[in-house]
Amino acid sequence: MIGKFVPSVLLASAFFCMSANGETWAIDSHKSSLTVHVFKSGLLSAFGDNHEVRAAIASGSVASGDQPAVEIAVDARLMTVLDPDLAPAKRTEVQKRMLGPDVLDVTKFPEIKFKSTAVRALGEGRWRVEGALTLHGKSVPLSFEVTGAKERFRGSATVSQRAFGIKPISAGGGTVNVKDEVKVDFEIATVAP
């Protein structure tokens with residue numbers, strides 16, 4: 001089964017330290033990761049596949065201080081289906097469909113972005129990040145929690161494909177479907193200024 005998903009991949013946008021003097025850190029794309037989990041549903045879902053997709057962060061920054069902020073950009077064209085238990089030919093098929101016009105349509109929409117509008121401390125090492133995720137030509141509000149300390153933060157977010165105009169894949173006359181909501185796990189490393 002081929003999964004559609006909304007790379008909420010920008011969810012990685014929750015990485016910031018709040019310091020009194022306010023600094024801006026670049027996101028270290030080599031030490032950061034975004035993983036999108038696409039799940040199956042439906043009467044015959046046992047015959048379908050869940051999918052795991054890696055999304056590379058192209059650029060981003062985290063600002064601290066009185067007005068903390070996060071910005072992240074993902075190159076959608078470089079998103080990779082991992083699915084180690086899937087046969088190579090099937091994995092290639094899933095990859096092609098994910099990047100194609102039925103799902104991400106990376107030819108028209110090569111970049112996925114997240115930009116925060118508010119970051120609030122929830123306690124020691126915990127924050128609530130609110131902002132807008134831009135994917136597939138649409139910008140949708142997104143909110144999630146982040147935990148961490150110093151230069152490393154992690155969290156997860158749930159994203160609805162339909163909110164971005166992406167219709168989840170269906171097969172077998174609707175007996176095997178991809179769930180509308182996908183889960184994005186992220187671990188973000190920053191580079192001190």
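With which residue does Arg 152 form a salt bridge, and how far apart are the closest N and O atoms? Arg 152 forms this salt bridge with Glu 187, and the closest N and O atoms are 3.0 Å apart. A salt bridge is here a side-chain nitrogen of Lys or Arg within 4 Å of a carboxyl oxygen of Asp or Glu. Helices (H or I, at least four residues) and strands (E, at least two) are DSSP runs, numbered from the N terminus.

The model is predicted, so local features are described only at pLDDT of at least 70 and side-chain atom pairs only at pLDDT 80 or more, whereas totals for chains, interfaces and linings use all residues. Residues are numbered from 1 along each chain as its sequence is written, and side-chain values use heavy atoms, with hydrogens and water left out.

Confidence in the model is expressed as pLDDT, the predictor's confidence in each residue, from 0 to 100. The protein chain has a mean pLDDT of 80, and 79% of its residues reach 70 or more. Over residues 1–20 pLDDT stays under 50, and the model has 128 contacts beyond four places in sequence for this segment. A contact means heavy atoms within 4.5 Å. Residues 42–47 also have pLDDT under 50, with nine contacts beyond four places in sequence. Where pLDDT is low, the predicted coordinates should not be read in detail.

Two strands pair if DSSP finds at least two bridges between them. Strand β9 pairs with strand β10 (residues 138–149) in the antiparallel sense over ten bridges, and Thr 134 stands opposite Ser 139 in β10. The two strands form a hairpin with two residues between them, and His 136 in the turn has a positive phi of about 55°. Strand β10 also pairs with β11 in the antiparallel sense, over four bridges. Here Gly 148 stands opposite Phe 153 in β11.

Phe 153 also takes part in an aromatic pair. Rings of Phe, Tyr and Trp (its six-membered ring) pair if their centres lie within 6.5 Å; planes under 30 degrees apart count as stacked, over 60 as edge-to-face and the rest as tilted. Three aromatic pairs are counted by this rule. The ring centres of Trp 127 and Phe 153 are 5.4 Å apart and their planes stand at 65°, so this pair is edge-to-face. Trp 127 belongs to strand β9 (residues 126–135) and Phe 153 to strand β11 (residues 152–160), and the pair links distant parts of the chain, 26 residues apart. Both Trp 127 and Phe 153 are buried. Buried means under 20% relative accessible area, exposed over 50%, and partly exposed in between (1.4 Å probe, protein chains only). Elsewhere, Phe 114, Phe 144 and Phe 186 form one aromatic cluster.

The structure holds ten salt bridges. One of them joins the side chains of Glu 130 and Arg 120 (2.8 Å, N to O). Glu 130 lies in strand β9 and Arg 120 in strand β8 (residues 111–123), so the pair ties together parts that are ten residues apart in sequence. Glu 130 is partly exposed at 26% relative accessible area, and Arg 120 is partly exposed at 43%. The side chains of Arg 128 and Glu 145 meet in another salt bridge (3.4 Å, N to O). Arg 128 lies in strand β9 and Glu 145 in strand β10, so this pair ties together parts that are 17 residues apart in sequence. Glu 145 is partly exposed, with a relative accessible area of 33%. Salt bridges that share partners join Arg 126, Arg 128 and Glu 145 into one network.

Asp 83 has a positive phi of about 20° although it is not a glycine. Asp 83 is found in the loop between β7 (80–81) and α1 (88–99), and it is buried, with a relative accessible area of 6%. Asp 105, also not a glycine, has a positive phi of about 50°. Asp 105 lies in the loop between α1 and β8 and is buried, with a relative accessible area of 11%.
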